[in-house]
Each structure stands twice: as C-alpha cells, then as structure tokens.
Amino acid sequence: MIKQLLLPAVLLLACGTATAQRWAIAPGEHRIVWTPDAASLPHNDHIEMSGEQMAFVLRWSVDDDGSFRGERSLVFPMLRTVPNNTHASLMYRMATDIPSLLGVNGLVLQNECVDSLTIDGALTVRSRWAIGVMNIGAARDRRPTPCIEMTRRIFPSRTLPLMCERYTLRNIGTSPLSISIPELSQVVTTDPAKGVDGTYVIRCDLLGDGTFQLREGESLAFDAVFQAFRAGEEPLRPDVAQEYAARMDFVHEAIDANLILETPDPVLDTEFRYAKLRASESIFKTRGGYMHAPGGESYYAAIWCNDQAEYVNPFFPFLGYDIGNESATNAYRHFARFMNDEYRPIPSSVIAEGLDFWSAAGDRGDAAMVAYGAARYALALGDREVAQELWPLIEWCLEYCRRKVTPEGVVASDSDELEGRFPSGEANLCTSTLYYDALRSAVFLGRDLGIAASQTRRYAREADALARAIGRYFGAEMCGYETYRYYDGNTKLRSWICMPLIVGLYDRAEGTVAALLGPELRTEDGLLTEQGSTTFWDRATLYALRGVFQAGYTEEALQWLQHYSARRLLGDHVPYPIEAWPEGSQRHLSAESGLYCRIVTEGLFGIRPTGFRSFDLTPRLPAAWPEMSLRRVQAFGTTFDIEVERLDDGRLSVTVDYDGHRVERVIASGKSLSVRLS
C-alpha cells in the first residue's frame with residue numbers, strides 16, 4: 001500500500017511532545033534570556049563565536065549551587081600548526097577563573113548566584129556574590145547577603161585576534177567595599193617545531209588592575225583578554241569597551257538592519273535573526289582573502305564545495321553583508337584555480353589560507369555543488385562584472401558534470417557531501433539534482449550575460465533530459481512511499497530524498513513529503529540520515545524544510561519549522577542550527593545557519609532568481625497568518641521589501657517596494673509572481 005501524506009494533526013506525534021523551552025525571548029526584543037532557578041539546575045551548554053582573526057567555543061555551565069563556570073577553547077586560524085592541513089589552526093583551552101582572583105575587603109568572592117544569562121552577539125552573565133566564608137550547599141535564601149553584582153560580557157573582537165571578557169562590578173550592599181584586581185599575565189609558549197611560523201605565544205591578561213573603593217551603588221569595570229601571536233611580536237592591549245561596541249555595531253548594522261523577517265511568530269523571526277549572525281560572523285581575513293569557514297574547532301581558513309559554495313554563498317546577496325559577498329566571490333575564485341583542460345575533479349576543499357587543497361573523499365559531486373551555488377549567487381548578487389568573472393567556472397563545472405553523465409542519464413560521482421559516512425552508490429540523488437538546478441540557473445545567467453542562445457538552449461535541453469532521467473533512475477517506492485531511492489541498490493529511506501523538492505521537481509512531492517514527515521526518518525531533533533540509524537545532520541533537515549515549503553505543503557512545513565526553531569533557539573543547546581549528532585557533539589557550524597535563512601528566502605517567500613534584476617516569487621503564507629513581510633532585502637542590485645497579505649477571498653496581495661517603485665499584484669494562494677525590478 002502506498003502511504004499518503006500525514007494529516008497536520010498527526011504531525012505532532014512525529015516530533016513528540018512540545019519542545020521544552022529553557023530560554024525566553026526578551027519582551028519587545030529579538031534576544032534570548034535564561035533566568036535559572038533550582039528546578040532548571042544544573043545545566044551546561046556550548047556556543048561558538050567568531051571574529052575576523054579568531055574564534056572560540058565557550059563551554060559553560062550553571063551548577064547546582066547557582067555558580068557559573070566556563071572553559072574557553074581558543075582558535076587562531078592564521079597561526080598555522082604542523083602539518084599545515086585542514087585542522088592546523090592554533091588551538092588552546094583556558095579555564096582561568098577570573099572572579100576567584102579578586103579581593104573584596106581582603107576576602108574572596110563566595111556563593112555566586114546567577115540571576116540571568118543573555119545571548120545577543122555576546123554571552124552576558126549577571127550574578128550576585130557574597131564575601132567571607134563559603135556556605136557550601138546552602139539554599140539560595142539561606143546564604144550570606146550578596147554585596148556585589150557582577151556582569152560578565154564574553155565576545156570575540158571584530159577584527160583582532162582577541163577573545164574579550166568585560167567584568168562590571170557594582171556595590172549592591174550598604175557598606176563601602178575595597179576591590180582589589182590583581183596584575184595578571186598567564187603566558188604559554190608553544191613548541192617551535194609544531195608551528196609553521198615557529199613558536200606562538202598564548203596569553204591571558206587582566207587589564208585595569210589596582211585597588212578601588214566602591215560606595216553603595218557605584219560600579220567599576222575591568223577586562224580579561226585572551227590572545228595569541230608569533231614569538232617576537234608584542235601583545236595587544238585593546239580598549240575592550242571599544243571592541244564590544246564594534247562587535248555590537250556589526251550585529252546591529254550588518255545583521256539587524258537588513259533582511260528583516262516579520263511574521264506573527266516571534267520565535268521564527270528571532271531564530272532567523274540569530275542564524276543571520278552565525279552565518280555571517282565566521283569569515284576570516286586570511287592571506288588568501290576573506291574565507292568563510294564552518295568552524296567547530298576543526299574547519300577554519302578553508303572553504304568547501306558544499307558548506308561555502310553550495311550552502312551559504314547563495315544566501316549572502318540577500319543579506320547584503322559586504323564581507324559575506326566578498327568571501328563568496330573569493331571562494332569561487334579559489335575553486336576556479338583548479339579548472340583544467342583534462343576535466344580532472346576540482347578539490348573538495350581549499351585549505352590552509354588557500355595554500356593547499358583536500359580531496360581525500362574523491363569526487364563528491366563537487367563540480368555540481370559549485371555550479372549550483374555560483375550560478376545562484378551570481379544571479380542574486382546582480383553584479384554583471386562578478387557574473388562575467390564566475391561564468392567560466394560555471395561553464396567548466398557544467399561541462400565536467402556533462403562528461404560524468406551515465407548511460408541512464410544521471411551524474412556519476414565517487415561519494416556525496418557525507419564523504420562515505422553512508423553509502424551513496426556510483427550515482428547519487430544529490431549530485432544529479434544540484435547539476436539540474438545549475439543548468440536551469442545557467443540558462444537565466446547566460447541570457448543576461450549575452451551568451452550565445454545556442455548554448456543556453458543546450459543547457460535547457462540538458463536540464464529537461466536530466467529531470468526525466470532523475471525520475472526514471474531514482475524514482476522508487478521506498479517503505480510504502482512513492483518517493484526516491486538515493487542510489488541504485490538503496491533499500492532504506494534517506495533524508496536527502498528532499499533534494500528534488502528544493503530544485504523544483506515535484507512529480508513525487510506527495511510521497512516524498514510523507515516520507516520526510518513519517519516515523520521512519522523524523523525525530524525530535526530532525527531527520528535521521530538513514531532509516532534505522534541514530535545519526536542526524538541538521539543540513540538535511542534544513543534542506544527538507546525548504547523543500548516542503550517549496551512543494552506547497554505550507555502547514556506541514558510550518559509546524560515542523562516551528563518545532564525545530566523553538567528547539568534550537570529556546571531549548572537546551574542554543575541559539576543556532578547545528579552540524580550533527582553524534583559526530584561533532586552538535587557543533588555550531590556556520591553554513592547550516594545560512595541554510596536556515598534560505599528556508600525563509602527560498603521556501604517561505606519562494607524567491608527564485610531568474611536574472612540580475614528579476615526573480616520568481618511564490619509566497620507560502622500559512623493559514624493562521626494574516627500577513628508576513630521580508631524587509632530590506634539586498635539582492636538583485638537593490639534594496640526592496642516584500643509584503644504578503646491574505647485577502648478576504650483567500651487570495652494573496654503581494655507588494656514589492658523598491659527604489660521609489662511599487663509592484664502590487666493579487667495572486668491565488670500557491671501561485672507564482674514574476675518580478676522584474678526596472
């Protein structure tokens with residue numbers, strides 16, 4: 001029996017009970033706050049933050065007694081170690097307990113009680129302390145009266161190789177306090193044989209030492225700075241207040257000011273905002289130019305055909321973040337270095353600041369990934385000069401894929417982006433669908449570039465033939481669903497059956513959506529990679545969510561997206577999409593956040609680039625929402641707003657505002673609108 005699409009009411013059963021929410025959205029704001037209480041303790045989590053010269057993963061906890069603990073995993077991607085491979089960033093962990101170094105009236109701080117934690121471009125921890133003898137195990141209401149309020153702000157420098165912590169102390173007692181901040185420099189030197197540039201120096205410094213008198217209500221601030229540099233160089237002594245201001249300027253001006261999602265659901269709006277931040281912050285200024293990096297204490301100063309070329313680069317034009325666009329163009333330039341007349345595979349990754357490459361997994365379908373991403377990026381950017389530069393790379397990748405087409409009409413590749421973790425056969429669904437979409441985009445791009453019509457017509461014919469071949473070769477009944485097999489010989493459902501949906505192939509949409517939402521793949525955290533396994537990768541879930549929206553199953557997609565977003569934003573591991581489990585322990589890899597954002601731009605609003613100044617728009621307004629908007633979109637060479645409103649007769653009023661112009665159309669729900677920006 002062929003299984004039908006689950007009814008929306010049944011979807012709740014697929015993802016279990018409602019997601020437990022530890023965090024809350026601050027009233028009237030797009031930032032999250034947690035206020036610990038005894039019932040929610042202990043709790044621990046980890047978060048990654050990045051600047052142009054360093055990144056860190058903070059592993060933190062609030063213990064049973066209400067005290068905060070933190071371990072800093074510092075990463076300096078431009079200080080290369082030996083061997084200079086994918087993972088050769090200088091890394092070092094420090095757990096220096098700064099509050100324990102302070103003196104208050106000749107005593108030490110005791111009995112910390114954390115009042116709140118906030119994540120908003122920095123991790124801010126507010127707590128109260130007493131002084132004197134520690135009352136171990138005492139309930140909060142039986143501890144000594146607090147006399148100090150401490151605020152920690154933990155964040156990376158925007159442009160310098162620094163992790164910064166700003167501590168603000170306020171006297172909340174009734175008596176004057178004498179605060180002693182020691183002079184401290186904690187210095188580690190590395191083995192010169194293990195550094196590309198010899199010895200590196202890793203330091204922790206306290207800035208603002210001395211003894212200070214605080215009367216009731218008065219405050220003072222001091223800083224802890226963690227940095228690394230080459231032996232012989234001088235340590236930096238930054239103005240940490242200015243560094244914090246620069247970090248927040250980045251958050252508010254580059255992230256908050258553009259591509260603003262407005263819906264009736266504050267969780268979706270807020271998670272979209274956080275995903276924009278994580279997708280954009282992990283860009284490093286290397287000797288090979290700006291390079292977006294996945295992160296995760298493993299992948300820095302390097303680019304991949306999937307994470308960068310395919311996942312995140314096509315998103316940056318919509319945000320309009322200049323360094324994001326620069327890093328995207330630079331990534332394609334790096335891959336273009338490896339074009340060759342013999343059509344040997346391009347590498348899967350360019351590593352070590354652009355000085356080396358990695359391709360140990362063979363041909364993963366990398367040319368299809370690059371062609372797909374580069375063509376969509378060039379169209380959405382709307383910059384003819386950049387598009388002309390990228391066109392030869394797109395042409396080369398398309399020709400490479402054409403030469404890999406099998407007698408059955410699909411594209412052969414050695415593996416896929418999971419690099420052999422799960423079987424993918426000799427030809428997999430991902431590679432063929434990405435090639436299909438790249439051909440479609442190349443038709444649009446070629447027309448705007450003035451490429452010979454014979455060439456763009458050939459691409460169109462090849463796309464049509466490939467669409468038919470995908471249906472013939474991969475179309476199959478799997479576990480009772482009319483969907484796709486992932487490769488020849490595949491007998492278990494795979495999460496990547498979502499790929500035809502994200503490229504507009506909907507012949508088997510009903511069965512595929514039913515399979516994606518069914519119990520064989522669906523878990524509380526997202527899609528299993530393979531039916532019967534325990535492994536999940538967020539990237540597959542994020543692709544599937546986009547595809548279910550694009551295929552028109554709006555209510556099912558919304559319910560799933562709401563569950564996923566609440567879990568990632570307000571649950572126990574926040575606030576970004578993650579890589580995988582169990583591999584990597586749910587690291588906050590950066591490109592996955594770009595995929596989350598594309599659920600909104602390409603799924604919910606259905607934006608499909610068709611030219612430098614044109615796109616198709618297929619909004620999927622959920623039944624419970626009267627309206628939704630996407631404001632200050634930066635794509636196609638201009639800034640525009642999209643507003644979608646449901647009329648009394650069920651049709652949709654769609655408005656696009658740009659440059660003093662206003663396009664207004666009324667369309668049936670589920671229909672598309674072609675927009676050309678004059």
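Helices (H or I, at least four residues) and strands (E, at least two) are DSSP runs, numbered from the N terminus. With those labels in hand, let us take a walk through this structure.

This is a predicted model, in which local features need pLDDT of at least 70 and side-chain atom pairs count only at pLDDT 80 or more, while totals for chains, interfaces and linings use all residues. Residues are numbered from 1 along each chain as its sequence is written, and side-chain values use heavy atoms, with hydrogens and water left out.

**The core**

A nonpolar core is a set of buried Ala, Val, Leu, Ile, Met, Phe, Trp, Tyr and Cys residues joined through side-chain atoms within 4.5 Å. Here buried means under 20% relative accessible area, exposed means over 50%, and partly exposed is in between (1.4 Å probe, protein chains only). The largest such core holds 207 residues, and Trp 60, Leu 117, Leu 123, Trp 496 and Phe 605 have the most contacts inside it. Helix H7 (residues 366-381) gives the most to this core, with 13 residues.

Take Phe 605 as an example. Setting aside residues up to four places away in sequence, Phe 605 touches Leu 261, Val 600, Leu 617, Thr 618, Pro 619, Met 628, Ser 629, Leu 630, Ile 642 and Val 644, where contact means heavy atoms within 4.5 Å.

**Helices and how they meet**

Helix H14 (residues 554-570) has 17 residues and reaches 23 Å from its first C-alpha to its last, close to the 24 Å expected at 1.5 Å a residue. That expected span is 1.5 Å times one less than the number of residues. Because 13 of its 17 residues are buried, H14 is largely enclosed by the rest of the structure.

Next come two helix pairs. Their axes are lines fitted to C-alpha atoms, over the stretch in contact, and angles run from 0 to 180 degrees between N-to-C directions. The axes of H9 (residues 429-449) and H10 (residues 453-474) come within 9 Å and cross at roughly 160°. This makes H9 roughly antiparallel to H10, given that angles under 35 degrees count as roughly parallel, over 145 as roughly antiparallel, 65 to 115 as roughly perpendicular and the rest as oblique. The H9 and H10 crossing is left-handed, a word used if the near helix is turned anticlockwise from the far one by less than a right angle, with right-handed used if clockwise. Among the residues that meet here are Tyr 435, Leu 439 and Val 443 in H9, and Tyr 459, Ala 463 and Leu 466 in H10.

The axes of H6 and H8 (residues 384-403) come within 10 Å and cross at roughly 35°, and this crossing is left-handed too. In H6, Thr 329, Tyr 332, Arg 333, Phe 335 and Ala 336 meet Val 386, Glu 389, Leu 390 and Leu 393 in H8. Asn 330 also lies in H6 (residues 322-336). This Asn 330 is buried, with a relative accessible area of 12%, and beyond its sequence neighbours up to four places away it touches Gly 288, Gly 289, Tyr 290 and Met 291.

**Two residues compared with their surroundings**

Ile 255 is in helix H2 (residues 240-256) and is buried, at 0% relative accessible area. Leaving aside neighbours within four places in sequence, its contacts include Arg 273, Lys 276, Leu 277, Ser 280 and Leu 319.

Phe 212 sits in strand E15 (residues 210-214) and is partly exposed, with a relative accessible area of 31%. Outside the four places on either side in sequence, Phe 212 is in contact with Leu 177, Ser 178, Ile 179, Ile 181 and Leu 220. Between Phe 212 and Asp 641 there are 52 Å in space, C-alpha to C-alpha, and 429 residues in sequence.

Most residues other than glycine have a negative phi, and most peptide bonds are trans.

| Residue | Backbone feature | Loop |
|---|---|---|
| Pro 575 | cis bond with Val 574, omega about 0° | between H14 and E28 (580-581) |
| Pro 582 | cis bond with Trp 581, omega about 5° | between E28 and H15 (591-604) |
| Ala 352 | positive phi, about 55° | between E21 (349-351) and E22 (356-358) |
| Glu 419 | positive phi, about 55° | between H8 and H9 |

Ala 352 is buried, with a relative accessible area of 2%, whereas Glu 419 counts as partly exposed at 27% relative accessibility.
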